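Please view the sequence and the structure before reading on.

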Amino acid sequence: MKVSIRESVGTHGLLVIAALFAVYPLGSIVASSLHGSSGSDLGWTNFSVAWTRGHFGSALLASAFVAVTVVIVTAVLSSLAGYALGTLRVPGGKAIMAVLLIGLVLPYEVTVLPLYQMLSGWGLIDTYWALILPQIGLSVPLGVFWMRTFFRSIPEEILEAARLDGASRMQILRLVLLPIAGPAVATLSTILFLFTWNEFLLALILVPENQAVQTAPLALSFFSGTDRAANPSVTAAAAVLVALPIIVAYVVLQRRLITGLTSGAVK
Amino acid sequence: MTVVADRRTVGATPTGRRWRSRLTGLSWSSLLYVAPALVFFAVFVIYPICVTVQTSFYNYDGLTVATPAGLSNYLNVFADPTLRAALGHSLLLLVFYAALPVVIGLILAGAMSRIRIYGLTVFRALLFLPQILASVVVAVAWRGLLASDGPINWVLEHVGLGSIATSWLGNFDTALPSIGLIGTWVEYGLCMVLFLAGIVTIDRSLYEAARLDGAGPVREFFAITLPALRPQISIALILTITFALRNFDLIWNTTRGGPGTSTTVPSLYVYLDAFQNRQLGQASALAVVLTVVILIVVALVQLAVRGRSGEPRTTRTKRSAR
């Protein structure tokens with residue numbers, strides 16, 4: 001495996017260029033957001049202007065509330081369903097998996113219009129529920145596939161031993177499987193959190209008018225749309241505010257997230 | 001209960017898999033575990049899809065009584081010039097969103113397969129960054145870069161190409177390719193990370209053998225790297241093509257289909273027809289077509305990969321490594 005040093009340096013050079021190109025757009029808005037409106041002083045004025053004018057405090061809270069609720073409920077539902085589909089003989093299990101499989105690649109566009117009509121019939125448009133309930137439904141396929149794959153990977157002997165010890169099904173799940181499911185659940189939760197936090201189309205359609213429940217991406221879309229003529233540095237600061245929680249999470253969890261997003265796609 | 005007993009005896013054969021099922025039996029109570037997830041999926045995904053399919057056969061403005069429209073909404077998808085143009089834009093975007101990122105990813109991955117890479121974790125994290133950003137954030141960033149006083153034009157002017165500087169997203173000729181470029185940026189890192197993960201699993205001795213046989217870098221790429229990466233290429237294609245065909249967020253937050261109709265795509269018309277033009281039947285038909293196209297593409301890519309994986313190949317074992 002001897003390759004010339006020149007080739008190694010050249011390839012690393014290509015990698016550096018590719019990585020810089022990937023980071024540059026984010027770097028450009030960070031740089032722009034730190035520029036004072038007067039042009040010279042470096043500071044946080046843009047952030048405070050964006051924060052107050054764009055109502056990003058409430059938007060970030062709304063995003064966090066929606067995302068956390070969706071993640072928790074989906075993780076619980078998916079663990080239950082994935083457990084049954086992975087280790088028990090569920091009647092029609094194959095058919096259930098086939099239907100869920102379609103849900104994995106479904107464009108949300110095909111559901112949004114009836115969702116709007118249904119949720120407005122229930123009086124839920126412009127409430128948190130309009131974002132939470134459908135996103136649980138749309139997250140369930142990924143969650144069930146994910147947890148089923150995990151539960152199937154557990155050696156049959158462990159389940160058998162628990163059964164012989166007289167554990168009920170629920171006890172096996174609660175006392176035997178969930179304690180070792182931590183990493184799988186954590187990766188799933190991270191992916192779901194990312195998807196839910198970034199979701200735009202559903203927010204645009206289902207909470208169009210009520211600023212109090214609008215999520216961060218939607219608030220940013222409105223803010224940058226109405227303020228297009230205004231100071232681009234303030235818009236950039238707003239974009240950084242919306243991206244920041246995800247970037248922080250990414251710095252901490254990037255290995256988990258990358259592995260999850262790339263290997264999860266295989267299944 | 002008799003049904004349960006019957007199935008149990010029929011299903012019981014002395015293979016390992018079935019043995020498990022004999023112990024547990026076909027368990028109707030296990031449906032209770034699946035039910036909560038299925039209820040959410042049925043109410044918020046399956047039912048809406050059925051309504052969309054039904055609506056697509058009607059003329060409906062959301063207020064007055066719907067009238068049957070037969071297949072006219074579907075015929076419109078392919079006959080209406082504005083919708084046809086949108087489909088055409090999507091096809092062009094496929095080149096930028098799917099083909100280019102996969103090719104770029106393959107070239108770089110091919111180069112990387114030949115050497116030991118230092119700082120792989122850092123490179124991976126940086127390359128993957130565009131994937132985790134909300135599309136609205138991406139749109140804001142690129143609107144700044146592509147603006148008439150943005151850094152791209154600044155560079156062009158300083159290298160003497162000031163004449164081609166323009167408001168990239170505001171110009172009829174450049175808006176669509178510019179959006180395509182953003183898509184390439186979003187996706188190429190994902191492709192590279194996927195391919196890098198595949199390359200790690202390739203047996204290094206294959207490369208040694210190829211080199212002993214006098215294979216050059218190009219030969220090596222086509223003989224070893226490319227065939228071994230087939231599963232990763234299929235995943236990359238499915239993810240990028242799906243992203244390209246949906247693509248509402250990015251367009252909505254950059255051009256909203258403009259200038260004129262130069263960057264319209266089907267998913268944009270799904271939204272506009274449903275919530276602004278009050279043509280719910282047309283919007284539904286378009287959404288159904290979009291979904292069917294995505295399902296077909298995914299199935300085709302899957303088939304193309306699975307259809308060939310039965311061939312005896314030196315790298316076949318690598319598939320199980322994932």
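The model is predicted, so local features need pLDDT of at least 70 and side-chain atom pairs count only at pLDDT 80 or more, while totals for chains, interfaces and linings use all residues. Residues are numbered from 1 along each chain as its sequence is written, and chains are lettered from A and ligands numbered from 1 in the order in which they are written.

**Backbone**

Most residues other than glycine have a negative phi, and most peptide bonds are trans.

| Residue | Phi | C-beta neighbours within 10 Å |
|---|---|---|
| N247(B) | near 60° | 23 |

Helices (H or I, at least four residues) are DSSP runs, numbered from the N terminus. H55(A) sits in the loop joining helix 2 (45–53) to helix 3 (56–87) of chain A. N247(B) belongs to the loop between helix 12 (230–246) and helix 13 of chain B.

A residue is buried if 20 or more other C-beta atoms, placed from the backbone, lie within 10 Å of its own, exposed if 12 or fewer, and partly exposed in between.

A cis peptide bond, with omega near -5°, runs from G258(B) to P259(B). P259(B) is placed in the loop between helix 13 (248–254) and helix 14 (266–275) of chain B.

**Contact between the chains**

Two residues are in contact if their C-beta atoms lie within 7 Å. Chain A brings 74 residues to the contact and chain B brings 80 residues. On the side of chain A that touches chain B, helix 1 (residues 5–34) gives the most, with 15 residues.

Terms used. Helix = DSSP H or I, 4+ residues; strand = E, 2+ residues; numbered from the N terminus.
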